[in-house]
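Hi everyone, thanks for coming.

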Amino acid sequence: MQQSQRAQAPAGPTSTRPAGRTIADCDRRLTQYRAALGAGADPATVTGWISQAEADKATAQQQLITAGAAQRTVLSEEQIHDIIKDLDGLTDRLLAAEPDRKAPSTKPSALR
């Protein structure tokens with residue numbers, strides 16, 4: 001079980017590096033564009049550049065959010081054993097429960 005988790009785990013922090021580099025690049029561009037605006041560059045042109053840099057940055061930030069949400073936790077061997085022990089106890093309780101207390105899907109007739 002543990003090996004299959006590692007094989008299926010996402011790439012992790014390295015998968016967020018391109019987005020992080022894009023954000024840093026956008027911040028650098030925004031600083032330059034604002035300096036150009038302050039130095040007397042055409043406001044309409046610089047405003048277009050700023051808008052594009054801000055849109056690029058927002059896209060990269062969304063990629064980071066999506067990558068963070070997609071990351072999974074890989075369970076340790078001990079955690080897997082604990083889950084199996086808990087499930088084993090659950091199986092015993094289900095088998096010992098009175099039939100009228102079981103949900104319809106756990107009754108023998110529903111399992112056929």
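Let me start with a cut-off: a residue counts as buried when its relative accessible area is under 20%, as exposed when that value is over 50%, and as partly exposed in between. Keep that in mind, because Arg29, at 14% relative accessibility, falls on the buried side. We'll come back to that arginine.

One caution before we go on: what you see is a predicted model.

Now the overall picture. The protein chain has four helices and zero strands, so along the sequence you read α-α-α-α. Of its 112 residues, 13% count as buried. The accessible surface comes to about 8500 Å², and carbon and sulfur atoms account for 56% of that. If you take the contacts between residues at least 6 apart in sequence, 70% of them join residues at least 24 apart.

Asp25 and Arg28 meet through their side chains, at 2.3 Å from N to O.

The next pair goes between helices. Asp27 forms a salt bridge with Lys57, with the closest N and O atoms 2.5 Å apart. Asp27 belongs to helix α2 and Lys57 to helix α3, residues 43–70, so this bridge ties together parts that are 30 residues apart in sequence. Asp27 has a relative accessible area of 31% and Lys57 comes in at 21%, so both count as partly exposed.

And here is our arginine again. Arg29 forms a salt bridge with Asp56, where the closest N and O atoms are 3.1 Å apart. This pair also links distant parts of the chain, with Asp56 in helix α3 and Arg29 in helix α2, 27 residues apart. Asp56 is partly exposed at 25%, whereas Arg29 is buried at 14%.

Which residues are linked in a network of salt bridges? Asp25, Arg28, Arg29 and Asp56 are. Thanks, and I'm happy to take questions!

Methods. Residues numbered from 1 in each chain as written. Predicted model: local features only at pLDDT ≥ 70, side-chain atom pairs only at ≥ 80, totals over all residues. Heavy atoms only, no water. Helix = DSSP H or I, 4+ residues; strand = E, 2+ residues; numbered from the N terminus. Buried < 20%, exposed > 50% of the residue type's maximum accessible area, 1.4 Å probe, protein only. Contact = heavy atoms within 4.5 Å. Areas by Shrake-Rupley, 256 points an atom, 1.4 Å probe, with all protein chains shown as cover. Salt bridge = Lys/Arg side-chain N within 4 Å of Asp/Glu carboxyl O.
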